[in-house]
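Colleague: I'm still new to reading these models. Could you walk me through one part of this one up close?

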Amino acid sequence: MKARKSWAMAYCGLAALSVALMLLGAVVPVLMFIAPAVASLLIATVCVECGKTMALTAYGAVSLLSLLFVPDKEVALVFVFLLGYYPLVKPRFERIRHLMQQHHPLVRVRCKLLLCNGAVLAMYGLVLLLVPAGSISQELKTTALVVSLATLAMGNVAFLLYDRALHNLLQVYQLVWRPKLHKML
């Protein structure tokens with residue numbers, strides 16, 4: 001039992017790797033959204049191996065350290081507001097599929113997109129509250145609205161792709177990587 005606890009604590013050291021990924025996401029612009037997504041996959045593996053409590057602790061540690069040390073706060077905020085905890089709530093969304101499949105098959109997707117859009121709007125609302133944009137001309141406001149809506153639509157598509165990739169990578173982890181990891185122990 002004691003060996004299992006120490007192994008779980010050591011496995012939660014993946015939080016350090018997650019923070020390093022977040023730092024990399026701040027340095028390499030193309031990794032701005034990829035780094036938090038990969039870090040969230042590491043949080044998901046902590047959940048599989050050590051349970052939800054340890055995964056929530058790892059999520060909290062990565063969130064706090066990212067907010068403190070990652071220079072690009074948008075990278076940290078994407079992790080904190082959406083991608084970091086999403087693997088922990090994803091199983092609840094997957095249960096919707098079984099309960100509501102006969103009534104309406106898109107309920108699960110709508111719920112996921114509601115979470116995504118709510119988190120993104122809350123994140124950028126907080127950013128605009130803390131760093132007001134000031135007075136912007138009306139023409140710029142209209143253009144900004146159109147660009148923001150297009151970006152949000154692309155973000156929804158990207159989130160659904162991330163959701164599917166997370167599902168597939170967790171399956172690969174369960175079937176391929178986890179048995180190899182446990183053989184090493």
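This is a predicted model: local features need pLDDT of at least 70, side-chain atom pairs count only at pLDDT 80 or more; totals for chains, interfaces and linings use all residues.

Which helix does Leu-68 lie in? And once that's clear, please take me on to the charged side chains around Glu-94.

Modeller: Leu-68 lies in helix 4, which spans residues 52-69. Leu-68 is exposed because its relative accessible area is 55%, and the cut-off for exposed is over 50%. Together with Leu-23, Leu-64, Leu-65 and Phe-69, Leu-68 forms a nonpolar patch on the surface, with about 470 Å² of accessible area in total. Helix 4 gives the largest share of that patch, 4 residues.

Now for the charges. Side chains of opposite charge can pair when their charged atoms come close. A search of the whole structure turns up 6 salt bridges. In one of them, Lys-90 meets Glu-94 at 2.8 Å, N to O. Those two sit 4 residues apart in helix 6, so about one helical turn separates them. Both Lys-90 and Glu-94 are buried.

Glu-94 also forms a salt bridge with Lys-112, with the closest N and O atoms 2.9 Å apart. That pair links distant parts of the chain, as Glu-94 is in helix 6 and Lys-112 in helix 7, 18 residues apart. Lys-112 in turn forms a salt bridge with Asp-163, at 2.7 Å between the closest N and O atoms. Here helix 7 is linked to helix 8, across 51 residues. Lys-112 is buried, with a relative accessible area of 2%, and Asp-163 is buried too, at 8%. Through shared partners, salt bridges join Lys-90, Glu-94, Arg-108, Lys-112 and Asp-163 into one network.

Technical notes: Residues are numbered from 1 along each chain as its sequence is written. Side-chain values use heavy atoms; hydrogens and water are left out. Patches are made of residues with over 30% relative accessible area and no salt bridge: like charges are joined within 9 Å, nonpolar side chains (Val, Leu, Ile, Met, Phe, Trp, Tyr) within 5 Å. Accessible areas come from the Shrake-Rupley method with a 1.4 Å probe; for residues, only the protein chains shown count as cover. A salt bridge is a side-chain nitrogen of Lys or Arg within 4 Å of a carboxyl oxygen of Asp or Glu. Buried means under 20% relative accessible area, exposed over 50%, partly exposed in between (1.4 Å probe, protein chains only).
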